[in-house]
Amino acid sequence: MTSWLRKYGNPVLLFLLLAANITSGSSHSGESVCSSPPVSSCSECLRRGPQCAWCFQEGFLEGAEVGVRCDLAVTLARRGCGLEFIEHPEVMVEVKPTTSSTQVSPGEITLTLRPGAEASVIVAVQQLERYPVDLYYLVDVSASMQENLDQLKKVGVALSQRMREHSSDLRLGFGSFVDKPVSPYINVHPSKINNPCSDYEVKCLPAHGFHHVLSMTSNMSEFTRVIKRQRISGNMDTPEGGLDAMLQATVCQGEVGWRGEAKRLLLLMTDQPSHLALDSRLAGIVTPHDGLCHLENNVYRKSSTMDHPSLGLLAEKLLENHIYSLFAVEQLQYQWYEELVRLLPGSNLLFQAPNLIDLVVDAYKRLLSVVQVSVSVEDRAFSRFLVSVSPLCPEGSVSHDNRSCSNVQPNQTVYFNITIGLPSCPDDYDDDDDVVQVFIRPVGYNESVVVKVRSRCRCHCCHDLTTHQSTCGEDTPDTDHNNQELNTHTHTPELDLEHAHTHRHTHSPERLRQCGAEGSGVDCSGRGVCACERCVCDRNSLGTVYGTYCQMDDYSCPYQHGLLCGGRGMCVSSECVCEEGWTGESCGCPVSTATCLLNNGLLCSGRGRCVCGKCVCDDHQHSGAFCERCPTCHSSCQSHWRCIDCHLSHGLSQRKAGHCNQTCTPLVGYVNGVTGEVWRQCVYMKDNCHYRFYTELVSGNTQLHINTQPECESRGRYMGTFLSVCVLTFLPGLVMLAVLALLLQGRSLPQGGTTDPQYNPTGKSNVPTTNEKTTSYRRDCPPDPDRPMEMHITIPKMPLGEPCQ
């Protein structure tokens with residue numbers, strides 16, 4: 001599938017692949033699931049699984065139990081239920097096209113699921129090359145951070161210069177924090193509240209939960225001046241209120257000055273761990289954090305009355321506001337924060353070191369190379385749906401933990417396959433109009449995809465107007481439903497069962513909003529505000545946003561080589577208007593076909609089409625820039641034999657060559673020898689003669705050259721060759737056998753070279769009839785040592801031919 005996406009997917013324009021997957025078993029298993037145990041209503045039948053259907057036809061299987069109405073759709077039709085009376089809702093997918101998004105597509109999807117079904121959608125996320133960047137410094141100004149604060153005063157301008165290598169528009173902001181200004185976190189003695197450092201005769205800032213000092217600015221001189229004016233403060237316990245301050249810096253969008261089109265980085269610098277949720281109970285604070293902004297005159301006013309935020313709440317707010325978080329900590333606290341960043345998507349951990357500039361730049365590049373999505377379901381329906389994510393990473397990148405792709409290069413697109421399933425419906429659920437929103441948020445991107453999921457847990461079939469009973473097998477709870485006009489369809493035998501599902505339940509048209517397009521629940525497309533029943537579109541540094549609902553702009557067009565419309569056109573209403581001579585979605589295709597013409601004037605050698613300035617061959621056998629190559633075409637010698645035979649039958653005469661025009665498709669010429677090294681040689685045999693011919697491509701056409709000098713062989717020559725081969729094959733064998741016989745004969749002779757006198761080499765008539773052999777035995781230890789004893793035994797041999805006794 002990845003290769004398909006790479007081949008056909010457009011990484012800039014809206015790309016969406018939707019696949020509805022309904023799990024269903026075999027016919028036998030489906031029947032047992034649908035009908036056993038018996039059901040008593042249509043809604044109960046639908047909840048048995050996506051393969052189950054309900055027949056609400058009156059008189060269906062007269063006298064049978066109600067439960068027989070629930071079965072496989074094909075089984076119900078086979079038993080006589082009309083296709084128009086079968087309630088078998090399908091998974092429905094509706095896509096709202098989005099033309100304004102350049103990085104995340106599509107913008108909105110609507111799913112209709114029934115119990116046991118699931119649907120898959122693919123969301124495309126593109127990585128651009130350069131972004132505007134907002135970097136907010138959130139610094140711990142407790143007394144132990146004096147040295148780090150002095151270092152920060154020196155790096156402001158230098159960091160700005162380094163970051164400009166990766167961003168054309170950098171803005172910096174600054175905020176400080178210590179801890180909650182209540183006991184036991186600070187010393188509440190009157191002399192210590194306003195100056196925690198009074199014992200050391202040093203003027204310090206009062207302890208504070210969060211103080212927003214400088215909003216986002218591109219004025220580096222102003223940033224440096226504000227940093228140099230900062231003073232340290234103090235508190236009592238070791239942990240600080242860093243997470244509390246992070247939440248305020250995240251959600252206070254207007255005060256901090258976060259830009260919607262910028263990459264947002266929040267850098268927290270501290271040398272101590274942070275307080276977590278429920279820590280505030282030591283100070284008697286039990287009110288959970290509400291996740292809202294509580295800045296008054298740039299000071300966090302709820303610090304002493306509201307608990308520290310939980311990690312889940314902080315992670316949710318970072319995702320909602322598209323913020324990457326960086327933690328620059330001392331080495332002693334590295335392990336504590338290493339466990340923390342695993343729970344915060346889009347987070348990274350740095351050492352506080354003299355090379356802080358390099359660390360921030362490297363972290364920014366690393367964050368941009370990782371594309372990750374987070375999928376969240378509304379809390380009220382969290383347990384009702386199953387969601388799985390599978391990334392389809394581009395070439396060169398690596399997938400991690402089934403949620404992200406790392407090492408993604410600029411202008412590459414990452415695709416995420418999001419599968420949403422509805423295992424079952426609650427027993428008390430009876431509201432098919434209820435819509436649950438599933439949010440797909442690429443981490444750190446200011447765009448997201450909203451999937452609206454509607455559950456089909458209830459039947460929408462017709463009701464009997466006379467008895468006020470539902471033919472679905474349920475009582476009609478609403479009299480308005482009883483007055484619906486019956487809407488049935490005439491049964492057509494040829495009707496395909498898959499298209500026979502009826503949807504009779506309709507809703508009143510949604511009231512059109514003055515500032516929202518039909519079917520949209522967002523005012524002004526989320527890129528403006530509704531004032532006096534009209535949309536006032538936001539200003540954007542990337543371009544102009546316009547339209548009745550702020551649905552159009554002049555920068556959401558395809559990019560090519562990092563340039564809008566390839567630098568060869570203008571973006572009008574989210575579409576490229578190309579300059580003269582260029583066409584295509586990103587103005588990357590020349591109109592002229594000059595680059596596809598050969599010297600002979602043929603377009604793609606007459607075997608292809610000129611698409612976007614390049615030849616696309618009609619036949620896969622042809623290749624090359626002009627479809628001029630065809631290795632399998634002119635290398636086949638056998639395909640030309642009929643042509644060669646025709647010319648041979650006419651004596652290789654130029655005068656009679658025209659008789660073979662119908663047999664020979666290529667051009668034919670006669671030669672007396674090999675005159676070209678580029679030709680392919682072939683051989684045709686006829687009448688014991690070898691006729692050589694050669695093929696080559698001339699201006700994209702095959703040219704044959706027949707050699708008029710054949711190589712012929714006589715039969716006598718063949719016989720001589722055969723005899724020579726036989727002699728050369730058998731003669732060495734005979735010689736080897738003779739040598740082997742001599743060697744074996746030499747081995748059989750006795751030592752000394754003498755022969756048996758009774759052996760007659762002539763082998764005529766002197767064959768001995770008997771033979772004797774004397775064997776001597778000597779005893780080494782006789783009874784008398786002085787007289788050795790010897791014994792001689794003569795053993796006669798049996799005459800030849802005598803049988804054994």
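**Group meeting: a walk through a predicted model**

Leaving aside residues up to four places away in sequence, S406 touches S369, V370, S397, V398 and H400.

Now, how far does the confidence of the prediction reach? The mean pLDDT of the protein chain is 76, and 75% of its residues reach 70 or more. Among the elements of the chain, helix 8 (residues 242-251) has the highest mean pLDDT, at 96, whereas helix 13 (residues 479-482) has the lowest, at 35. Over residues 1-28 the pLDDT is below 50, although the model gives this stretch 69 contacts beyond near neighbours in sequence. Residues 475-512 likewise stay under 50, and for them the model has 55 contacts beyond four places in sequence. Where pLDDT is low, the predicted coordinates should not be read in detail.

Let us turn to helix 7, residues 220-228, in which M220, F223, T224, V226 and I227 are buried. Why do these buried residues line one face of the helix? Seen down the axis of helix 7, they fall within an arc of 165 degrees, so they share one face. On the face turned away from that buried side, helix 7 carries the exposed residues S221 and K228. At the N-terminal end, helix 7 is capped by N219, with a side-chain oxygen 3.1 Å from the backbone nitrogen of S221.

My last topic is the aromatic rings, for which the count comes to 7 aromatic pairs. In one of them, the rings of F56 and F85 have their centres 5.8 Å apart and their planes at 80 degrees, so this pair is edge-to-face. F56 lies in the loop between strand 2 and strand 3, and F85 in the loop between helix 4 and strand 4, so the pair ties together parts that are 29 residues apart in sequence. F56 is buried, with a relative accessible area of 4%.

W641 and Y684 form a tilted pair, with 5.9 Å from centre to centre and 55 degrees between the planes. This pair links helix 15, which holds W641, to strand 37, which holds Y684, and the two residues are 43 residues apart. W641 counts as partly exposed at 33% relative accessibility, whereas Y684 is buried at 13%.

How values were computed: Residues are numbered from 1 along each chain as its sequence is written. Side-chain values use heavy atoms; hydrogens and water are left out. pLDDT is the predictor's confidence in each residue, from 0 to 100. Helices (H or I, at least four residues) and strands (E, at least two) are DSSP runs, numbered from the N terminus. Contact means heavy atoms within 4.5 Å. Buried means under 20% relative accessible area, exposed over 50%, partly exposed in between (1.4 Å probe, protein chains only). The arc is that of the directions from the helix axis to the C-beta atoms. A polar contact is a pair of N or O atoms within 3.5 Å; within protein, one must be able to donate a hydrogen and the other to accept it, and residues adjacent in sequence count only if both atoms are side-chain atoms. Rings of Phe, Tyr and Trp (its six-membered ring) pair if their centres lie within 6.5 Å; planes under 30 degrees apart count as stacked, over 60 as edge-to-face and the rest as tilted.
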